[in-house]
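Thanks for coming, everyone. Let me put the sequence and the model on the screen, and then I'll walk you through them.

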Amino acid sequence: CTESDHFKTFHSTFYGRYDVRRCSVWRQGNLPASWHGNGAGKWLWLLALDRLSLQCGTAANFTLARYPQEMLRGVFDKFERR
């Protein structure tokens with residue numbers, strides 16, 4: 001279910017409930033964390049992917065292999081503009 005549909009609270013929602021530890025995402029001390037594909041879930045998943053890609057080489061390599069860099073750059077550029 002959706003945590004919040006308010007874009008400006010995604011950062012506090014994510015960092016208030018989730019913790020990226022090396023190659024895993026924990027939610028309030030539990031594994032696994034999962035997201036539904038609707039509403040805020042997509043954006044919270046993107047924040048998790050960003051953190052994982054910075055802390056976990058396997059996730060970084062997967063991200064580069066699976067997702068076109070231009071598409072990812074475009075998504076993050078939209079974050080910057082907000």
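**The pocket, then the rings**

By class, the lining of the largest pocket has 5 nonpolar, 3 polar and 3 charged residues. Here Ala, Val, Leu, Ile, Met, Phe, Trp, Tyr, Cys and Pro count as nonpolar, Asp, Glu, Lys and Arg as charged, and the others, Gly among them, as polar.

Before going on, a word on the source. This is a predicted model: local features need pLDDT of at least 70, side-chain atom pairs count only at pLDDT 80 or more, and totals for chains, interfaces and linings use all residues. Residues are numbered from 1 along each chain as its sequence is written, and side-chain values use heavy atoms, with hydrogens and water left out.

Back to the pocket. A pocket is an open set of points on a 1 Å grid over the protein atoms alone, where a 1.4 Å probe fits, with protein on both sides within 12 Å along at least five of seven lines; lining residues have an atom within 4 Å of a point. How much space lies in the largest pocket? About 240 Å³. That volume is the space filled by probe spheres set on the points, which are joined across faces, edges and corners.

Who lines the largest pocket? Leu49, Asp50, Ser53, Ala60, Thr63, Leu64, Gln69, Leu72, Arg73, Phe76 and Asp77. Helix H2 (40–55), helix H3 (57–66) and helix H4 (69–81) each supply at least two of the lining residues. H4 gives the largest share, 5 residues.

Now the whole fold. The protein has 4 helices and 2 strands, in the order α-β-β-α-α-α along the sequence. Helices (H or I, at least four residues) and strands (E, at least two) are DSSP runs, numbered from the N terminus. Of the 82 residues, 28% are buried. Buried means under 20% relative accessible area, exposed over 50%, and partly exposed in between (1.4 Å probe, protein chains only).

Next, the aromatics. The count comes to 4 aromatic pairs. Rings of Phe, Tyr and Trp (its six-membered ring) pair if their centres lie within 6.5 Å; planes under 30 degrees apart count as stacked, over 60 as edge-to-face and the rest as tilted. One of the pairs is Phe14 with Tyr15: edge-to-face, 4.9 Å centre to centre, 90° between the planes. Phe14 and Tyr18 have ring centres 5.3 Å apart and planes at 20°, so this pair is stacked. Ring pairs link Phe14, Tyr15 and Tyr18 into a cluster.

Is Phe14 buried or exposed? Buried, at 1% relative accessibility. Tyr18 is buried too. Tyr15 is partly exposed, at 37%.

Leaving aside neighbours within four places in sequence, Ala48 is in contact (heavy atoms within 4.5 Å) with Phe14, Val25 and Trp35. Ala48 counts as buried because its relative accessibility is 2%.

Arg22 is not a glycine, yet has a positive phi of about 50°. Arg22 sits in the loop between strand E1 (18–21) and strand E2 (24–27). Arg22 is exposed, at 66% relative accessible area. Gln28 also has a positive phi of about 50° without being a glycine. Gln28 is in the loop between E2 and H2, and is exposed at 54%.
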